[in-house]
Amino acid sequence: MKRILVTGAGGFVGARIMEQLMGPAIEFLPFPPGRMAGISREELCELVLRLQPNALIHTAALSDTGHCETHPEESYRANVSIPLWIAEAAREVNAKLVAFSSDQVYAGLQDTGPFEEDLPLHPANVYGRHKLEAEQRVLELLPSAVLLRATWMYDLPGYGLPIRGNLILNLLRAAMHNEPLRFSCRDYRGVTYVRQAVENLLPALELPGGVYNFGCENDYDMYTTARHFCTVLGITPPLEKADWPRSLRMNCRKAREAGIVFDSTFDNVTRCLQDYGVSSLL
Ligand SMILES: NC(=O)c1ccc[n+]([C@@H]2O[C@H](COP(=O)([O-])OP(=O)(O)OC[C@H]3O[C@@H](n4cnc5c(N)ncnc54)[C@H](OP(=O)(O)O)[C@@H]3O)[C@@H](O)[C@H]2O)c1
């Protein structure tokens with residue numbers, strides 16, 4: 001039986017890995033919850049050596065971009081040092097490593113994309129810079145590692161799983177309280193139903209080492225995307241147009257050619273509602 005160690009198993013993505021992928025052929029081992037933030041390199045290595053996993057899925061991170069901006073040392077430890085220690089430990093036990101990066105590595109590019117993985121990058125925020133440095137240094141240490149540049153992800157609350165601020169929830173909250181939400185007509189990014197990302201993690205374990213854009217593509221700006229989500233949800237929150245420019249828009253051809261396929265951002269939200277059985281109610 002394959003043994004996969006999951007870091008951040010109590011987090012947004014990690015908890016869904018534990019719930020969704022558990023099956024007879026694979027044993028998922030949750031990294032002890034709450035330990036990651038204060039762990040030392042030695043403790044981490046000792047734990048991995050003791051558990052002897054065949055693979056590691058590293059989701060633990062400090063992923064609040066605003067917090068990273070004001071706490072760069074904390075971000076560096078969480079988003080660069082710990083991934084490097086994880087890579088060292090994976091190398092020690094000869095385990096495959098799949099680790100999450102982010103579309104924020106593309107922040108600051110002037111073009112609107114869609115961007116491929118091999119573009120030279122200078123991320124405009126601390127979180128993006130640290131994620132990029134982690135990608136590069138993990139791959140130097142462990143060329144078989146797979147680094148996934150994830151889009152912003154969403155889910156509906158339920159099943160006792162942790163939830164975090166996401167597009168679908170922000171829209172539902174705005175509709176319930178009739179509060180205006182602003183989206184830029186010049187902001188481009190994919191948005192992904194987290195359960196499709198989790199579903200694609202098992203095939204990601206089979207990818208050759210490297211960096212992969214990983215999520216739903218989206219050719220529409222965020223104002224149009226938010227309006228589409230509202231139509232599908234059957235809600236009419238007050239959406240306001242903004243005009244600031246940004247593009248984190250990814251071209252996911254590399255993953256697709258390796259067999260990892262996502263819906264488009266527009267189709268993906270319909271699938272989310274179908275999963276929860278709410279599309280028939282709307
Ligand atoms: N969610 C998104 O929309 C999104 C978008 C793009 C990329 N990503 C990336 O995808 C991965 C998973 O995201 P997520 O939303 O599941 O993250 P999350 O829920 O915010 O956090 C995952 C886990 O990280 C650990 N953690 C918290 N603070 C930490 C610190 N200071 N140092 C080290 N570990 C810490 C915690 O694990 P323990 O409780 O076990 O300590 C937490 O449960 C991350 O690498 C994130 O950067 C996420």
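A residue counts as buried under 20% relative accessible area, as exposed over 50%, and as partly exposed in between. The exercises below apply this to a predicted model, in which there are 18 salt bridges.

**Exercise 1.** Work out which parts of the chain the salt bridge between Asp155 and Arg16 ties together, and whether Asp155 is buried or exposed.

*Solution.* Begin with the contact itself, in which the closest N and O atoms of Asp155 and Arg16 are 2.6 Å apart. Asp155 belongs to the loop between β6 (152-154) and α6 (167-177), while Arg16 belongs to helix α1 (residues 12-20), so the bridge ties together parts that are 139 residues apart in sequence. Turning to accessibility, Asp155 has a relative accessible area of 0% and is therefore buried, and Arg16, with 0%, is buried as well.

**Exercise 2.** Locate Arg195 and Glu19 in the chain, and classify Glu19 by its accessibility.

*Solution.* The side chains of these two residues, Arg195 and Glu19, form a salt bridge at 3.1 Å, N to O. Because Arg195 sits in helix α7 (residues 194-199) and Glu19 in helix α1, the pair ties together parts 176 residues apart in sequence. Glu19 has 37% relative accessibility and is thus partly exposed, whereas Arg195, with a relative accessible area of 10%, is buried.

**Exercise 3.** Classify Asp243 and Arg186, which are partners in a salt bridge.

*Solution.* The closest N and O atoms of Asp243 and Arg186 are 3.1 Å apart. A relative accessible area of 52% makes Asp243 exposed, while Arg186, at 39% relative accessibility, is partly exposed.

Definitions and conventions:
Residues numbered from 1 in each chain as written. Predicted model: local features only at pLDDT ≥ 70, side-chain atom pairs only at ≥ 80, totals over all residues. Heavy atoms only, no water. Salt bridge = Lys/Arg side-chain N within 4 Å of Asp/Glu carboxyl O. Helix = DSSP H or I, 4+ residues; strand = E, 2+ residues; numbered from the N terminus. Buried < 20%, exposed > 50% of the residue type's maximum accessible area, 1.4 Å probe, protein only.
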